Structures are given as C-alpha cells and as structure tokens.
Amino acid sequence: MHVSSGAEAKLKQAGEILASIVGDTSVPRNIRRVANEARETLLEENKEPSVRAAFAASMLDEVSNDPNMPMHTRTTIW
C-alpha cells in the first residue's frame, strides 16, 4: 500500500514537537516518558500512518489530564 508522503511529513513534524517536550526539564518525568513513547509510535514505519497517529493521540489524551502537566505543555499537546 502506498503511503502519502504528506502524512509521513505531518507525523515527523508531530514527532519533532514531542521531542521538544521530552527535552523540556520543566515537564514532569512521567509526562516526558509518555511523550517519548508517543513520538516513537509516530515514527514506526511498519504500521499505517493512521494507526500510529490514533495510538499516539490516545496516549497523549490520557496524560493530558495529569494535574501536574504545565499549561504550556498541555497547550502544545492539544
């Protein structure tokens, strides 16, 4: 099946945004861990882009309700 390069580019861009969250030491460690897992999921090329995006979104949705998440990080994830 042919994968759209536009979809891959968007997943890569989302991965870069998540990498910035992972590198932000003001973000609690558990949130950075989930952001890194979501980033790794987005970059797995052996799965369909829609599956990767849905799985990463689900992971981030769960952690976005964490009361310890800084507001700027929550806004970035949304």
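How many salt bridges does the count come to by the rule used here? A salt bridge is taken to be a side-chain nitrogen of Lys or Arg within 4 Å of a carboxyl oxygen of Asp or Glu, and by this rule the count comes to three. The structure is a predicted model, in which local features need pLDDT of at least 70 and side-chain atom pairs count only at pLDDT 80 or more, while totals for chains, interfaces and linings use all residues. Residues are numbered from 1 along each chain as its sequence is written, and side-chain values use heavy atoms, with hydrogens and water left out.

Consider helix α3 to begin with. Helices are DSSP runs of H or I with at least four residues, numbered from the N terminus. Helix α3 covers residues 49-63, which makes 15 residues. From its first C-alpha to its last it reaches 21 Å, close to the 21 Å expected at 1.5 Å a residue; the expected span is 1.5 Å times one less than the number of residues.

The next matter is which side of this helix is covered. A residue is called buried under 20% relative accessible area, exposed over 50%, and partly exposed in between, using a 1.4 Å probe and protein chains only. In α3, the buried residues are Pro 49, Arg 52, Ala 56, Met 59, Leu 60 and Val 63. Seen down the axis of α3, these buried residues fall within an arc of 105°, so they line one face of the helix; the arc is that of the directions from the helix axis to the C-beta atoms. An α-helix has 3.6 residues a turn, so residues three or four places apart point the same way. The buried residues of α3 pack against α1 (5-22), α2 (29-42) and α4 (71-77), where contact means heavy atoms within 4.5 Å. The face turned away from the buried side carries the exposed residues Ser 50 and Glu 62.

Arg 52 leads back to the salt bridges. Side chains of opposite charge can pair when their charged atoms come close. Arg 52 pairs with Glu 8, their closest N and O atoms being 2.4 Å apart. This pair links distant parts of the chain, for Arg 52 lies in helix α3 and Glu 8 in helix α1, 44 residues apart. Arg 52 counts as buried because its relative accessibility is 1%, whereas Glu 8, at 25%, counts as partly exposed.

Another salt bridge joins Arg 33 to Glu 37, with the closest N and O atoms 3.3 Å apart. Because they are four residues apart in helix α2, Arg 33 and Glu 37 are separated by about one helical turn.

Technical notes. Helix = DSSP H or I, 4+ residues; strand = E, 2+ residues; numbered from the N terminus.
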